Amino acid sequence: YTTTKQKDDAEITFAMTGMRSLIDIGVSNASSYRTSGNKFDGDLLRDTLKRLKDTRTVLRNYNDSDVNQMFAEAPYLLDDRMEDFVESALDFMSYRSTDKFEKFRDEFVDLTRDAKAFSIKLDQAIELYHENVTAQIAWSHRIQYFTAMIVLSVLLLEAYYIFRPLVKRLSAYSKELIRLALEDELT
């Protein structure tokens with residue numbers, strides 16, 4: 001159980017950290033798109049947004065109540081912040097650098113603002129999740145330690161009360177065999 005829990009927690013932390021990287025990549029792609037207006041940069045941004053949504057789907061599949069609570073409830077509201085970021089990115093991509101420059105710039109500002117808000121809350125959520133996981137692992141290790149101590153105590157008691165008398169009887173039988181082998185009935 002402990003090993004499985006640690007593996008799942010590591011994968012969840014990795015996925016959440018990956019989301020954090022995808023936000024930075026998305027802003028970088030948007031900046032490139034803003035500068036060049038190139039369709040390729042827009043496609044990269046779309047791909048990044050898709051990967052961000054896919055990562056959230058992966059996190060939902062773990063069915064971890066702590067993670068789902070961070071995404072759905074206050075104070076983090078990560079699902080809402082992710083939707084704001086994705087919506088800002090899609091709005092931003094609907095404008096070209098040559099079209100409505102002011103609106104294009106405003107959308108980029110909105111995108112970076114939403115990305116920053118999402119990043120900050122995601123970082124806080126990752127830190128809290130990591131602290132919770134560390135506490136759970138420490139508790140699990142304490143349980144394992146006490147269980148090992150109980151098992152060791154039972155083995156020691158078993159050795160004292162069961163094997164010790166057995167060894168005494170074997171020793172006595174061994175001495176008796178040696179005595180019988182060395183003495184003759186006639187002598």
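Lys-39 is exposed in this predicted model, at 54% relative accessibility. Its side chain forms a salt bridge with that of Asp-43, with an N to O distance of 3.0 Å. Asp-43 is partly exposed, its relative accessible area being 32%. Both residues belong to helix α2 (residues 39–61), and because they are four residues apart, about one helical turn lies between them.

Arg-51 is partly exposed at 40% relative accessibility, and Asp-47 is partly exposed at 35%.

The side chain of Arg-56 meets that of Asp-79 at 2.8 Å, N to O. This pair connects distant parts of the chain, with Arg-56 in helix α2 and Asp-79 in helix α4 (residues 78–93), 23 residues apart. Both Asp-79 and Arg-56 are buried.

Side chains of opposite charge can pair when their charged atoms come close. The model has 15 salt bridges, counting a side-chain nitrogen of Lys or Arg within 4 Å of a carboxyl oxygen of Asp or Glu.

The surface also carries a nonpolar patch of about 650 Å², made by Leu-157, Tyr-160, Tyr-161, Ile-162, Phe-163 and Leu-166. One of these residues, Tyr-160, lies in helix α5 (residues 101–182). Tyr-160 is partly exposed, with 44% relative accessible area.

Key
Residues are numbered from 1 along each chain as its sequence is written. This is a predicted model: local features need pLDDT of at least 70, side-chain atom pairs count only at pLDDT 80 or more; totals for chains, interfaces and linings use all residues. Side-chain values use heavy atoms; hydrogens and water are left out. Patches are made of residues with over 30% relative accessible area and no salt bridge: like charges are joined within 9 Å, nonpolar side chains (Val, Leu, Ile, Met, Phe, Trp, Tyr) within 5 Å. Accessible areas come from the Shrake-Rupley method with a 1.4 Å probe; for residues, only the protein chains shown count as cover. Helices (H or I, at least four residues) and strands (E, at least two) are DSSP runs, numbered from the N terminus. Buried means under 20% relative accessible area, exposed over 50%, partly exposed in between (1.4 Å probe, protein chains only).
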